Amino acid sequence: MLETITSINGTVNGVVWGPVGLALLFGTGLVMTVRTGGFQFGRFGHWMKNTIGAIFTNKNVTAHTTKEDMAISQFQSLCTALAATIGTGNIVGVATAIISGGPGAIFWMWVMAILGMMTNYSENVLGIFYRRKNEKGEWSGGAMYYLADGLGAKKGCKTLGRVLAVLFSCFCVLASFGIGNMSQINSIAGNMNTAFSIPNVVTGIALVILSALVILGGLKRVAAVTEKIVPAMAVMYIVGALIVVGAHFTAIPAAFAAIFKGAFALPAAGGGILGYGVSQAITWGFKRGAFSNEAGLGSSVMVHSSSNVREPVQQGMWGIFEVFADTIVVCTLTALVVLTSGFVDLDTGRMLSDVQGSALVGQAFSTVFGHYGPKFIAVSILLFAYSTVLGWSHYGTKAFEYLFGTKASVGYKVVFVGMVMVGATMKLGLAWDLSDTFNGLMMLPNLIGVLALSGTVARITKNYIDRRLHGKNVAPLWSAFEEYQREEEAQEAAEVQLDKAANE
């Protein structure tokens, strides 16, 4: 039975992560970059100012919503999205990319991230524009909504849009148990056992209790936890990685040279061919990049759509920053930790260590922190992976809600929490492979929707630039639905009156 599943999974995986899937992922990012006028480049200062910069200058970005308001703040939506994206992929995924695709895989990871910024941006713009409110008054958005209501509104596409929305939701629910739960928990349990000799069962019980307390409390409780965990874990890991890279700073130029040479299989200084060939470098760079930042999967848009923001482009810019932080910052630091620590021959791209995944990164950290290096990585994976579980619990909940209704989502959460113990106590080699496949299966309908609605994204982006940057007096494009558009306009008018009154 397992052999059959493995065989089928291998075939499907070869399609979704083969030339067709990777070309679709790359092409969507490229199309969205062109259609938005290279927004991630030309508006770099603007989106940085209105994302990470706004955290320190605009209290509305971090201010919690009232109990009556079911939305979460922009900062909470970012942290919850980053909780899901900054996970084992940033440690295990990067190490695997280097081992399997050579140092050049990191270059293609960057390429995918740069283009993926606009894919993620587009997903978030569409997520806000097509979101709806559920029975509880919570915003519900995601690929299933813009597939059904956006693509489905096009002539002759009603059935197609609805079918793709259902398929996306099914794949998301399945992926949430794999990439979003068991695979992450399995990594935590294995690393805690190796580093601290804690039995897997003990880790499982502790995580089941913690998960139940947070996940069953709903999105607001998940967001309240992630906005504390994510900044702390990111700063801790970045500082630790910078110390390791700083200790080996003389190897930094050679590390970057290996990345660029390996990306195109250029001759190395020693006369050999660096890396494992362009094909392997591209494949592993794209796959691990997508696994890490999830741009194109249509996953993080489900939490971004729960933000209290009304401007689709504003939330889109948070999507750009999400990919930037995940891949350009964290993944690059992990790559430099590995490449500068002496475990990769930078002339040939060959591995000089026989360890795999997180153990390779732990070994690299041990060159500076001694026996505390693997322990540091174990704690990092605990925080990274567990925060991923919290983020994905929301994704799966929203997908399940779309399929079966708001009330049924409680049952999903209970099962999701129960699967934590399964992840901690079982060998899950196949689970990683299945996670990869379900990621790809989510990606296909989502990217079809993004491409089909690329004109809508371009129109909303132009509307924002005309109003916000050029000062033109044009009506805003905030929602595809007239009732929500009027509601948002009325709220903004009320806020303007309050500001005037306060300043008089």
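Contact here means that heavy atoms lie within 4.5 Å, and helices (H or I, at least four residues) and strands (E, at least two) are DSSP runs numbered from the N terminus.

## Basis of the model

This is a predicted model, in which local features need pLDDT of at least 70 and side-chain atom pairs count only at pLDDT 80 or more, while totals for chains, interfaces and linings use all residues. Residues are numbered from 1 along each chain as its sequence is written, and side-chain values use heavy atoms, with hydrogens and water left out.

## Overall form

The chain contains 23 helices and 2 strands, and its C-alpha trace spans about 65 × 50 × 45 Å along the principal axes. The radius of gyration, taken over C-alpha atoms, can be set against a globule rule of 2.2 Å times the number of residues to the power 0.38; for 504 residues a compact globule would have a value near 23 Å, and the 22 Å of the chain agrees with this.

Buried residues (under 20% relative accessible area, with exposed meaning over 50% and partly exposed in between, for a 1.4 Å probe and protein chains only) make up 57% of the 504 residues. Of the contacts between residues at least 6 apart in sequence, 80% join residues that are at least 24 apart.

## Packing of H9 against H14

Axes are lines fitted to C-alpha atoms, for helices over the stretch in contact, and angles run from 0 to 180 degrees between N-to-C directions. On this basis H9 and helix H14 (residues 252-263) pack at an angle of about 80°, with their axes 6 Å apart. H9 is therefore roughly perpendicular to H14, where angles under 35 degrees count as roughly parallel, over 145 as roughly antiparallel, 65 to 115 as roughly perpendicular and the rest as oblique.

From H9, the residues Gly104, Ile106, Phe107, Trp108 and Trp110 meet Phe256, Ala258, Ile259, Phe260, Gly262 and Ala263 of H14. By class, this contact of H9 with H14 has 9 nonpolar, 2 polar and no charged residues, with Ala, Val, Leu, Ile, Met, Phe, Trp, Tyr, Cys and Pro counted as nonpolar, Asp, Glu, Lys and Arg as charged, and the others, Gly among them, as polar.

## Packing of H11 against H19

The axes of helix H11 (residues 158-196) and helix H19 (residues 372-404) come within 8 Å and cross at roughly 160°, so that H11 and H19 are roughly antiparallel to each other. The crossing of H11 and H19 is left-handed, a term used if the near helix is turned anticlockwise from the far one by less than a right angle, with right-handed used if clockwise. The residues in the contact of H11 with H19 divide into 26 nonpolar, 9 polar and 1 charged.

Asn120 belongs to helix H9 (residues 104-129) and counts as buried, at 0% relative accessibility. Leaving aside neighbours within four places in sequence, Asn120 is in contact with Ala295, Ser300, Gly319, Glu322 and Val323. The C-alpha atoms of Asn120 and Ser299 are separated by 9.5 Å, although these residues are 179 apart along the chain.

Gln315 lies in helix H17 (residues 312-340) and is likewise buried, with a relative accessible area of 0%. Not counting residues up to four places away in sequence, Gln315 touches Gln74, Ser77, Asn124, Ile128, His304, Ser307 and Val309.

## The enclosed helix H10

Because 7 of the 8 residues of H10 are buried, this helix is largely enclosed by the rest of the structure; the buried residues are Ala143, Met144, Tyr145, Tyr146, Leu147, Ala148 and Gly150. Tyr146, in helix H10 (residues 143-150), has a relative accessible area of 0%. Beyond neighbours within four places in sequence, the contacts of Tyr146 are Glu123, Leu126, Gly127, Tyr130, Leu151, Val301, Asn446, Val450 and Leu453.

## Residues with greater accessibility

Leu451, in helix H21 (residues 429-452), is partly exposed, with a relative accessible area of 29%. Leu451 touches Leu24, Thr28 and Val31, residues up to four places away in sequence being left out.

Ser197 is found in the loop between H11 and helix H12 (200-215) and counts as exposed at 61% relative accessibility. Most residues other than glycine have a negative phi. Ser197, although not a glycine, has a positive phi of about 60°.
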